[in-house]
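Grab a viewer and work through these exercises with the coordinates loaded. Each one sets a task and then walks through a solution.

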Amino acid sequence: MTAFKPYILPHIPQRNEKGFTLLEIMVSIAVLALVMVTLFRLQSGTIKLAEHGKFNSLAPFLARQQLTALEQELDTPPRLTGAFGDDYQGYEWSAVIKNADFEEPAIISEKQFENFKRIDLEITYSNKGRSYKITSWRYQVEDEDN
Amino acid sequence: MKTIKTDLQGFTLIEILVATVIFSVTMITLFSAFNAFLSSGSLVKKEVTQNDRFVPGLKTMLSDLEQIFVLQPPRYIKPGFNSPPDPFAFTGTPSDTGGKDFSQLSFTSLNHTGPVAAPGNGVAKIVYYVNRHEDRFDLLRSERLAPYPGEPDPCSDPVLFKDITGFKLSYTDTNGDEHDSWDSESKEFDFIFPARVQIKIKLEENSRSIITAITLPANRKALE
């Protein structure tokens, strides 16, 4: 009696049976990583640009609003820095109001010179280096009664 | 007789488990990254579209108000008991459109797109009003040259902002007090125009409102 012999499928070697080598895997991963990094960088660039665009389109309107508010009390502005409320978190403004500088002050009288103000307004967003600056001039007209 | 290869053995359970875990972690990371990739793209698109939506409309409104027409005395006469309405009045009222609070504003301006019929006849009455379109609201701008025939017509007036959820104007008088409405024909407002107009527009329910303000370039003195 012959001993029990387990039946094992005969191993037929095929041409393609070899796996990938470590080198091949590494090269393919490197290519994949390169592509991914490029894509993500592209995407983050787009996001940054969109944010920039948003700031650039919002800031002029905010600046306009702030200028309108500042005009009311040019001589004694209650505040020279501030924010824009909950809807505009991260947006801040700061202003400098001073007498306009003339190269030839003789053009207008000293009294008129005092009424001529220069407003430098800056809108910033989250201190991320995004800023919008505008300079405007206002002449305060005195009442005829005075 | 063929020789039996020794490494024909399978994997152990542990090996399979470890391999599956590694595979699933990698896949989850990849898919969530890809998801974030796609959703950030659509967010960016939304933001950009919104910016494109509000800028032209607001610019139109601001230039309308910049060129506001204010009739000065002595040509302006304080309205008496039975006098006809001032054709150059500035009236801003809260309006209830479809159960929502919006603002409505009517004033005259030199900024108009229509043809000028005759020299000196370049004043147009401009009305901003909200029109309900099914369950959406549009802000429309009506413009009629003097003598302002007819009424604002939502069928033909151009749309300034489509699908808004809020439009609110407030008016500041020369003393710095804010009002929700304004009527230059009323003694309450000394028959003058507001010094400043604040504009607040909300495009979508969950987005921020866009705010801006403008100082009107001309006014007349308070009439007793």
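**Exercise 1.** Which residue in strand 5 of chain B does B:Leu139 stand opposite?

*Solution.* A quick note before starting: this is a predicted model.
- Step 1: Strand 4 of chain B covers residues 136–145 and pairs with strand 5 of chain B in the antiparallel sense, over two bridges.
- Step 2: Across from B:Leu139, you find B:Phe161 in strand 5 of chain B.
- Step 3: Now zoom out. The open sheet of chain B has six strands in the order 5-4-3-2-1-8, with antiparallel pairing. Strand 5 (159–161) and strand 8 (182–183) of chain B each have a single partner strand, so one side of each has no neighbour in the sheet.

**Exercise 2.** Work out what surrounds B:Phe161.

*Solution.* 
- Step 1: List the contacts, skipping residues up to four places away in sequence. Among them are B:Arg53, B:Phe54, B:Gly57, B:Leu58 and B:Met61, along with B:Leu139 and B:Ile201.
- Step 2: Helix 1 of chain B spans residues 13–66 and lies across strands 2, 3, 4 and 5 of chain B; its angle to strand 5 of chain B is about 115°.
- Step 3: Check the core. B:Phe161 is one of the residues with the most contacts inside the largest nonpolar core, which has 54 residues. Helix 1 of chain A (residues 22–72) supplies the largest share of this core, eight residues.

**Exercise 3.** Classify the ring pair of A:Phe40 and B:Phe37: what kind is it?

*Solution.* 
- Step 1: Over all chains there are 15 aromatic pairs. For this one, the ring centres are 5.3 Å apart and the planes stand at 90°.
- Step 2: Planes over 60 degrees apart count as edge-to-face, so that is the label for A:Phe40 and B:Phe37.
- Step 3: A:Phe40 sits in helix 1 of chain A and B:Phe37 in helix 1 of chain B, so the pair joins two chains.

Notes
Residues are numbered from 1 along each chain as its sequence is written. Chains are lettered from A and ligands numbered from 1 in the order in which they are written. This is a predicted model: local features need pLDDT of at least 70, side-chain atom pairs count only at pLDDT 80 or more; totals for chains, interfaces and linings use all residues. Side-chain values use heavy atoms; hydrogens and water are left out. Two strands pair if DSSP finds at least two bridges between them. Helices (H or I, at least four residues) and strands (E, at least two) are DSSP runs, numbered from the N terminus. Contact means heavy atoms within 4.5 Å. Axes are lines fitted to C-alpha atoms, for helices over the stretch in contact, and angles run from 0 to 180 degrees between N-to-C directions. A nonpolar core is a set of buried Ala, Val, Leu, Ile, Met, Phe, Trp, Tyr and Cys residues joined through side-chain atoms within 4.5 Å. Buried means under 20% relative accessible area, exposed over 50%, partly exposed in between (1.4 Å probe, protein chains only). Rings of Phe, Tyr and Trp (its six-membered ring) pair if their centres lie within 6.5 Å; planes under 30 degrees apart count as stacked, over 60 as edge-to-face and the rest as tilted.
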